[in-house]
Each structure stands twice: as C-alpha cells, then as structure tokens.
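Please look over the sequence and the structure shown below.

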Amino acid sequence: MESDASGRLRALPPAHELLESSAARALSAALPHEAVRALVRKVLEELRRDLLAGSAPSDRDDLRRRAIQALEGEAARARAPRLRPVINATGVVLHTNLGRAPLGDEVLTHLARVSRGYATLEYDLEHGRRGHRDRLISALAASLLGAEDALVVNNNAAAVLLAATALAAGREVVVSRGELVEIGGAFRVPDILAAGGARMVEVGTTNRTRLSDYERAIGPDTALLLKVHRSNFALVGFTAEVSLRELAALGRARSVPVFEDQGSGALIDTRTFGLPREPTARQSIADGADLVSVSGDKLLGGPQAGIVAGRAKLIEALRRHPLARAMRPGRLVFAALEATLRIYAEGRAVEAIPTLAMLAVRPETLRARAEALLAATRALVPAEQAGALAIEASEGRVGGGAMPTARLPSWAVVVAARDGAHAAAIEEALRGGEDPPVIARVQGGRIVLDVRTIADDELMPAARKLARALGGTHEIGQDAGEGERRETNDDMGE
Ligand SMILES: *Cc1c(COP(=O)(O)O)cnc(C)c1O
C-alpha cells in the first residue's frame with residue numbers, strides 16, 4: 001500500500017515547475033510572491049489528497065494539466081475585484097451589508113463627470129483662488145435642512161464624534177438612559193462620547209426619562225444636551241421621553257446647546273410611502289435643535305456621508321477642529337451628495353432617488369415584476385423544475401437600522417426546495433459564480449426572492465442566475481447540470 005501511494009505521489013508536478021507556468025505568472029501580477037507560493041502549495045496539497053484518495057488521474061501530464069487548471073482558477077479569483085455588484089433579492093431596501101443606498105443614474109453621471117479629470121473641489125472659479133471643500137455644498141445642505149450652516153463628514157458616526165470632541169471634550173454631555181443606543185458596526189453612544197473625551201451624564205431610566213431629570217443634571221460643566229433618535233429599535237409599553245421641542249426649550253433657558261443625532265436623514269415625510277412617520281432633520285431644526293446629524297446613505301438615499309447642520313457658530317467650531325480634517329470626504333462623496341441634494345431641491349426625490357423609488361413602488365408593480373421574474377426563470381429551466389417556482393406575497397423591510405418595526409408588503413418569487421440541504425445549496429449557488437451574485441432569503445426551507453429591491457434591468461440576470469442555481473443543484477447526470485455544478489462548486493472556494 002505504502003509504496004503504491006508514494007509511487008502515485010511521484011507523478012505530482014514539482015512546485016518549481018508550477019511556479020514557472022503562465023498561470024503562476026498571472027498570479028504574480030496580482031499577488032506577492034509569497035502568496036503565489038502558498039497557492040501553489042495549496043493546489044499541490046489538494047492534488048496529493050486526491051491522489052491518495054484515488055480520485056485524481058495518475059498520468060503525469062493529466063496531473064500537471066489539473067494543477068495548472070486549479071492555478072488558473074485561483075488566478076482568476078485573485079484578479080477579480082473583491083467589491084463586486086450583487087443583486088439584492090432580500091427586500092431590505094437599505095441593506096447595510098450590501099452598501100445601503102444605491103445611487104441613481106443622474107448622480108452617477110455627475111460623479112463620473114467631476115471625477116474623470118480635475119474639479120473645483122477646493123477652487124473658487126469666481127475669484128481664481130483657493131476655495132474650501134467645507135463650503136462646497138454647505139449652503140445647499142443647510143437650506144434643505146432649514147439650518148444656518150452645515151458640514152459634511154465621512155459618516156454620521158464621525159459627525160457625532162466630531163460634535164462630542166469639538167464641543168464637549170473634558171466636559172459633560174447629558175443623555176437619557178433610554179437613548180444609549182448601539183447602531184451596529186460598533187457605534188455605541190457611550191463609547192463615542194468617551195472617545196471624544198466627553199463625560200457622559202446619564203439621566204432617567206431605560207424606559208422613562210422626564211424633563212426634570214435633564215434639569216437636575218445640568219451644571220456648570222454641561223457642554224451639550226444630546227438626544228439620540230431610536231432609529232433601530234422600538235420602546236413600547238410604560239415609557240416616557242422628553243420631546244426635542246421641550247429639550248430645546250430647556251437648553252435655551254440654561255444656555256446649553258442641544259444636539260440631536262437623528263440618523264436616518266429622512267428629508268421627506270415617510271407617510272407618503274405608507275410608512276410610519278420618521279422625524280425629519282428639518283423638523284428637528286424647526287423644533288429647536290441647535291445641531292442635528294444624519295447619515296447620507298440611509299433614507300436620504302445618497303453616498304455614505306454624515307451631514308451635521310445647525311447654528312453657524314457651532315458648525316464653525318466643528319469645521320475648525322483638527323479632527324474635521326481627518327473626517328473630510330473626498331470628491332467622489334461631494335459629487336454624489338451634491339447631485340443627490342439637488343434632486344431634493346428640485347422636488348424630484350421620489351422619482352430620481354432609488355431608495356425612495358423602491359419605497360414608493362406600488363404593490364401591483366411589484367406583483368408584475370415578480371411575475372416577470374417567474375416567467376423568465378421558468379423559460380430557462382426544464383418543466384419539472386419550473387413546477388417548484390411560484391410567486392407569493394412577501395414582506396420586506398426598510399433596513400439600515402431605520403424604522404425597525406415597519407414592514408413593506410411586497411411580492412417574491414419562491415422556490416420550494418426538496419429539503420433544507422437543497423434550499424441551502426440553491427442559496428449558495430445564487431451567491432457563487434462569475435455573474436452578479438443574487439442575495440436571497442431562505443425561509444422555512446424555501447428560497448425567497450423579494451423583487452422590491454431588484455431593479456428592472458436586473459430581472460434577466462436574476463432569472464439566469466436562478467435557473468442556473470436550479471439546474472446546478474438538481475439531479476446530476478444531465479450534461480449541462482454536471483458542468484454547471486462543478487463550476488459552481490469551484491467558485492464556492494472564494
Ligand atoms: C445610522 C446611525 C448612526 C451611524 O451612522 P453612520 O452614517 O452609519 O455612521 C448613528 N446614529 C444614529 C441614530 C443612526 O441611525
């Protein structure tokens with residue numbers, strides 16, 4: 001046995017030979033030499049295992065061919081971008097793991113136009129001298145939010161950190177115990193305040209906070225009254241909270257600025273989409289907040305950014321702080337955000353901002369879209385597999401930590417799998433491969449593709465992907481099926 005096995009292993013191509021192959025050279029263009037050597041070792045290790053298990057060819061040339069093929073596969077994967085487009089079939093509109101808000105064509109066109117060459121990022125054309133990126137879109141953002149001034153930073157977490165640092169380092173920030181929230185991705189209000197060097201003064205209880213709690217907490221060291229919008233959870237039952245309006249009145253009376261971390265960046269009334277009312281940043285300013293901060297890529301529907309708006313004196317203090325320099329976005333963000341805000345200014349948001357369009361789409365349209373996806377998929381699979389496909393009513397969500405209790409009635413294409421393992425295999429095949437992966441939900445042994453988040457031009461690619469996932473996981477033996485299956489499994493290795 002022993003000598004038989006070692007005899008077989010002698011047919012393995014030597015590592016140096018593989019390292020000189022064109023596949024390895026292609027890898028070297030994308031990876032450091034050490035990583036290429038490691039991949040060659042990995043390929044040889046796998047071949048060795050297959051050889052010992054008797055599942056590899058014993059012929060020297062065949063083995064070499066197989067090793068090169070495996071290396072070519074690795075090279076293709078190494079060259080492929082890691083940040084890739086996907087089709088979101090989860091029905092979660094602001095999917096944080098999938099990049100939150102998609103950008104519309106108009107925004108992308110502007111982005112491309114100002115990014116291809118040079119642009120007026122910090123240049124004042126009127127006077128022919130240096131300008132300030134800080135002020136590029138301040139006036140536009142401020143006017144949309146009804147504020148005196150505004151500043152754009154990399155995200156809302158940065159906005160809160162900057163405000164805590166610039167306005168309250170070494171001093172106290174008063175905040176309700178009911179608002180010490182965690183947003184995910186390690187944004188926790190107490191930690192952000194601590195990172196900014198501010199001392200947190202908690203008031204009230206988890207479920208009830210009164211105005212008198214804030215009143216008692218204000219002292220000579222109080223720098224800020226902070227209100228955090230509970231954007232990603234709901235507090236129900238025996239609860240009490242102080243409205244922003246009341247808190248703002250208290251702040252004015254005691255000369256302490258009030259800062260609201262509003263989060264979602266809703267600029268239009270969400271009730272127009274049949275959703276619960278989400279407070280808008282404009283309303284926060286109107287209610288008397290001295291500063292309000294929002295994300296650019298949640299309900300606002302723009303690029304990842306943080307906008308902090310409010311009193312000119314406070315915004316100027318943030319702008320001057322050294323941290324602001326470390327948090328400033330680049331021109332890609334300014335371009336996309338300016339184009340997004342202009343759409344709002346022109347009153348075209350619901351049509352031209354994909355996030356809002358997806359929230360606004362009517363159930364009949366979703367049903368027709370689900371029917372189109374069903375028909376396109378059925379046309380691509382054998383009759384017995386077509387029978388496993390159907391459409392049904394579904395429920396999506398806003399996502400992105402916004403409106404956690406709201407449900408979006410939608411429509412979905414549903415695949416009835418044979419069992420849990422089959423469902424998992426289909427879901428995995430949807431995620432694998434070269435074409436845009438389709439991210440779907442698995443629910444009770446079924447695969448659900450909610451069409452609210454699938455754009456019309458993604459329907460055919462989604463149908464092809466689904467058909468292939470079904471073909472690749474059903475009974476092998478049909479030629480196409482077997483080929484597909486192998487391709488899919490290879491890609492799983494990523
Ligand atoms: C989302 C959110 C944040 C974090 O915003 P990012 O833009 O993701 O950094 C902070 N506070 C609230 C209330 C939020 O909803």
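Arg 135 is partly exposed, with 45% relative accessible area; by definition, buried stands for under 20% relative accessible area, exposed for over 50% and partly exposed for what lies in between, with a 1.4 Å probe and protein chains only. Glu 316, by contrast, is buried at 19%. The model is a predicted one, in which local features need pLDDT of at least 70 and side-chain atom pairs count only at pLDDT 80 or more, while totals for chains, interfaces and linings use all residues. Residues are numbered from 1 along each chain as its sequence is written, and side-chain values use heavy atoms, with hydrogens and water left out.

The side chains of Arg 135 and Glu 316 form a salt bridge, with 3.5 Å from N to O; the term requires a side-chain nitrogen of Lys or Arg within 4 Å of a carboxyl oxygen of Asp or Glu. Arg 135 belongs to the loop between strand E4 (129-130) and helix H7 (138-145), and Glu 316 to helix H13 (residues 312-320), so the pair ties together parts that lie 181 residues apart in sequence. Helices (H or I, at least four residues) and strands (E, at least two) are DSSP runs, numbered from the N terminus. Both residues also belong to a network of salt bridges that links Arg 135, Asp 149, Glu 316, Arg 319 and Arg 320.

By this rule, the salt bridges number 37. One of them joins the side chains of Glu 202 and Arg 177 at 2.9 Å, N to O. This pair connects distant parts of the chain, with Glu 202 in strand E9 (residues 199-203) and Arg 177 in the loop between strand E6 (172-176) and strand E7 (182-184), 25 residues apart. Glu 202 counts as partly exposed at 35% relative accessibility, and Arg 177 counts as partly exposed at 37%.

A further salt bridge is that of Arg 245 with Asp 287, whose closest N and O atoms are 3.1 Å apart. Here the parts tied together are 42 residues apart in sequence, because Arg 245 lies in helix H11 (residues 244-254) and Asp 287 in the loop between helix H12 (281-286) and strand E12 (291-295). Arg 245 is exposed at 53% relative accessibility, whereas Asp 287 is buried at 16%.

The loop between E6 and E7 also holds Glu 179. How accessible is Glu 179, buried or exposed? At 1% relative accessibility, Glu 179 counts as buried. Its side chain is joined to that of Lys 227 by a polar contact of 2.8 Å; such a contact is a pair of N or O atoms within 3.5 Å, where within protein one must be able to donate a hydrogen and the other to accept it, and residues adjacent in sequence count only if both atoms are side-chain atoms. With neighbours within four places in sequence left aside, the residues in contact with Glu 179 (heavy atoms within 4.5 Å) include Val 189, Tyr 214, Leu 226 and Glu 241.

A backbone N or O atom of Asn 156 lies 3.0 Å from an oxygen atom of the ligand. A polar side-chain atom of Ser 231 is 2.6 Å from a ligand oxygen, and an N or O atom in the side chain of Lys 298 lies 2.6 Å from an oxygen atom of the ligand.

In soluble globular proteins, nonpolar side chains tend to be buried together. The largest nonpolar core has 48 residues, and Leu 341, Leu 359 and Val 398 have the most contacts inside it; such a core is a set of buried Ala, Val, Leu, Ile, Met, Phe, Trp, Tyr and Cys residues joined through side-chain atoms within 4.5 Å. Helix H15 (residues 331-345) gives the most to this core, with nine residues. Another core lies apart from it and has 33 residues, including Ala 429 and Ile 447.

Taken as a whole, the chain has 22 helices and 18 strands. Of its 494 residues, 48% count as buried. The C-alpha trace spans about 90 × 50 × 50 Å along its principal axes.
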